[in-house]
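Open the model in your viewer and keep the sequence panel beside it. The stops below say what to select and what is there.

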Amino acid sequence: MATVMQKIKDIEDEMARTQKNKATAHHLGLLKAKLAKLRRELLTPSSKGGGGAGEGFDVTKSGDARVGLVGFPSVGKSTLLNKLTGTFSEVASYEFTTLTCIPGVIMYRGAKIQLLDLPGIIEGAKDGKGRGRQVISTARTCNCILIVLDAIKPITHKRLIEKELEGFGIR
């Protein structure tokens, strides 16, 4: 089965090959409708199959503020959550240890701040790679987003994360 992006490309190619006249107007209209449907599906994927695809991402808001820890896999988001809140979030030497959203609460000057340990996002997350849409949409519900970076990686990683967040309208 072809991916949604491949289907979109195929329809665009067929539209480019089809002459525009009265006889083909109906066919082109159907193609445009299919194209619009596929683009809409690309933005909001259908919930067919996958059963519990969004499991773990719906976390009840608690406290005065909500901070989301966003970054690439294995940069220390879970370790930071564990040290600051005392909450257990599994830490391992392999990537994608955290697969769901893990909440923790920190008290700061009388304010309860909820920290969310989000799964690592990868390049192309705004296009849906690696559950990126779910992670970024959860980050969108936060009052503040803390970008966690690995100190030994190049600063270009910060720009990549910012680009993925900007793809969802987060600046």
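Colour by secondary structure first: the protein has 5 helices and 4 strands, where helices (H or I, at least four residues) and strands (E, at least two) are DSSP runs numbered from the N terminus. From the N terminus on, these elements run α-α-β-α-β-β-α-β-α. This is a predicted model, in which local features need pLDDT of at least 70 and side-chain atom pairs count only at pLDDT 80 or more, while totals for chains, interfaces and linings use all residues. Residues are numbered from 1 along each chain as its sequence is written, and side-chain values use heavy atoms, with hydrogens and water left out.

Next, colour by accessibility. Buried residues make up 30% of the 171 residues in the protein; buried means under 20% relative accessible area, exposed over 50%, and partly exposed in between (1.4 Å probe, protein chains only). Of the contacts (heavy atoms within 4.5 Å) with a separation of 6 or more, 59% are between residues 24 or more positions apart.

**The sheet**

Select the strands. They form an open sheet of 4 strands in the order E2-E3-E1-E4, with mixed pairing; two strands pair if DSSP finds at least two bridges between them. At the edges are strand E2 (102-108) and strand E4 (144-147), each of which pairs on one side only. On average, neighbouring strands of this sheet are turned by 25° against each other, direction ignored. Such angles run from 0 to 180 degrees between N-to-C directions, and the axes are lines fitted to C-alpha atoms, for helices over the stretch in contact.

Now zoom in on E2 and strand E3 (residues 111-117), which pair in the antiparallel sense over 7 bridges. Tyr-108 stands opposite Ala-111 in E3, and Val-105 has Gln-114 in E3 as its bridge partner. The hairpin of E2 and E3 has 2 residues between the strands, and Arg-109 there takes a positive phi near 50°.

**Two helix faces**

Which residues of H5 are buried? They are Ile-161, Glu-164 and Leu-165. Seen down the axis of H5, these fall within an arc of 100°, so they line one face of the helix; the arc is that of the directions from the helix axis to the C-beta atoms. Turn to the other side of H5 to find Arg-159 and Glu-166, which are exposed.

Move to helix H3 (residues 77-85), in which Lys-77, Ser-78, Leu-81 and Thr-85 are buried. They cover an arc of only 100° around the axis, which puts them on the same side of H3. The buried residues of H3 pack against E1, E2 and E3. After H3 comes Gly-86, with a positive phi near 80°.

**The cores**

In soluble globular proteins, nonpolar side chains tend to be buried together. A nonpolar core here is a set of buried Ala, Val, Leu, Ile, Met, Phe, Trp, Tyr and Cys residues joined through side-chain atoms within 4.5 Å. The largest has 20 residues, of which Val-70, Cys-101, Leu-116, Leu-118, Ile-121, Ile-161 and Leu-165 touch the most other members. E1, E3, helix H4 (132-140) and H5 each supply at least two residues of this core.

Centre on Leu-116. Leaving aside its neighbours within four places in sequence, Leu-116 has contacts that include Val-59, Val-67, Leu-69, Cys-101, Ile-102, Thr-138 and Cys-142.

**Cysteines and a loop**

Display the cysteine sulfurs. How many disulfides does the structure hold? It holds 0, a disulfide being a pair of cysteine sulfur atoms within 2.5 Å. For Cys-142, the closest cysteine sulfur is in Cys-101 at 7.4 Å, too far for a bond; Cys-142 counts as buried at 12% relative accessibility. For Cys-144, the closest is that of Cys-142 at 8.4 Å, also too far for a bond, and Cys-144 is partly exposed, with a relative accessible area of 40%.

Finish at Ala-151, in the loop between E4 and H5. Ala-151 is exposed, with a relative accessible area of 78%. Its C-alpha atom is separated by 8.5 Å from that of Val-75, 76 residues apart along the chain.
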